[in-house]
Amino acid sequence: MEKLEGVIFDLDGVITDTAEYHYRAWKKLAERLDIKIDRVFNEELKGVSRMDSLDRILEYGDRLADFNATEKNEMADWKNELYKETIVDIKPSDILPGMEAFLDELKQAGIRTAVASASKNAEVILQSLGIREQFDFVVDAAKIEKSKPDPEIFLKALELLDLPADVCVGVEDAAAGVDSIKDAGIRAIGIGDATVLRRADVVLAGTDELRLETLKSLV
Ligand code: B16
Ligand code: MG
């Protein structure tokens, strides 16, 4: 039996919930383009990179062919500025239930940790939450070329942790993220709905259900 040596966490939906802020900013951009999006559609944007999210919105509104790359970059920047204005107030109390205690437990057990997030704002968010130093490494979208569901981001985290896949566990709330973990050869814990997170080895309803024993049983 292998020993658990590393845990790699997604950020949005696992450590804190920024999905609502992403949603509000995308909704404002969509309104400018006469595209109506709702929270049900927003589920499809979770874990998806900024530019891919924009493409999905344009496709949904049947406007994908209306804009060139420069215009799309401007729109993504506009959304990001709006998003950044809303996340300035993120604070330690915005950490999802049980996560702080769980991170302390991992540290005490000598287990190494990393964050693998599709967000280019990951470092700033972790600083605002006051838990950046809890993680040995942060791999964000700026450090990789292919976004989730490609395994690159979790493979990069393994490389930085200097650990093989079979002694690690990944934690994700999005289907694209679970695919990314599994295709990196890592066991996956899904947080959320088991019908959505089909490829996860274990699915928990919330972060407060994370237990060291559950992770240990997977490796
Ligand atoms: P940004 P995660 C993802 O974070 C979000 O779930 C997704 O909605 C967002 O579009 C993506 O980050 C990019 O974020 O625009 O801040 O670079 O779940 O991978 O931590
Ligand atoms: Mg996520």
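Asp-62 follows helix H3 and has a positive phi, near 60°. Helices here are DSSP runs of H or I with at least four residues, strands are runs of E with at least two, and both are numbered from the N terminus. This is a predicted model, in which local features need pLDDT of at least 70, side-chain atom pairs count only at pLDDT 80 or more, and totals for chains, interfaces and linings use all residues. Residues are numbered from 1 along each chain as its sequence is written, chains are lettered from A and ligands numbered from 1 in the order in which they are written, and side-chain values use heavy atoms, with hydrogens and water left out.

**Helix H3**

H3 spans residues 50-60. Its buried residues are Ser-53, Leu-54, Ile-57 and Leu-58. Buried means under 20% relative accessible area, exposed over 50%, and partly exposed in between (1.4 Å probe, protein chains only). These four cover an arc of only 135° around the axis, which puts them on the same side of H3. The arc is taken from the directions from the helix axis to the C-beta atoms. Their cover includes helix H1 (19-32), helix H2 (39-42) and helix H4 (69-87). Contact here means heavy atoms within 4.5 Å.

**Ligand 1**

How many residues surround ligand 1? There are 19, and the closest are Val-48, Ala-118, Ser-119, Lys-120 and Asn-121. A residue counts as near if one of its heavy atoms lies within 4 Å.

Taken alone, ligand 1 exposes 470 Å², and the protein buries 98% of that. Areas come from the Shrake-Rupley method with a 1.4 Å probe; for residues, only the protein chains shown count as cover.

**The magnesium site**

The magnesium ion is ligand 2. Its protein donors are Asp-10 (OD), Asp-12 (O) and Asp-173 (OD), at 2.0 to 2.2 Å. Donors are N, O and S atoms within 2.8 Å of the metal (3.2 Å for Na, K and Ca); water is not among the atoms, so sites may look incomplete. The donor spacing in sequence is D-x1-D-x160-D. Asp-10 sits in the loop between strand E1 (6-9) and H1, and Asp-173 in the loop between strand E4 (168-172) and helix H8 (175-183), so the pair ties together parts 163 residues apart in sequence. Both Asp-10 and Asp-173 are buried.

**Helix H8**

H8 buries Ala-176, Gly-177, Val-178, Ser-180 and Ile-181. These pack against helix H7 (152-161), E4 and strand E5 (187-191).

**Backbone exceptions**

Most residues other than glycine have a negative phi, and most peptide bonds are trans. Asp-34, in the loop between H1 and H2, has a positive phi near 60°. Asp-34 is exposed, at 75% relative accessible area. Asp-162, in the loop between H7 and E4, also has a positive phi, near 60°. Asp-162 is exposed too, at 65%. Lys-148 and Pro-149 are joined by a cis peptide bond, with omega about 15°. Pro-149 lies in the loop between strand E3 (137-139) and H7.
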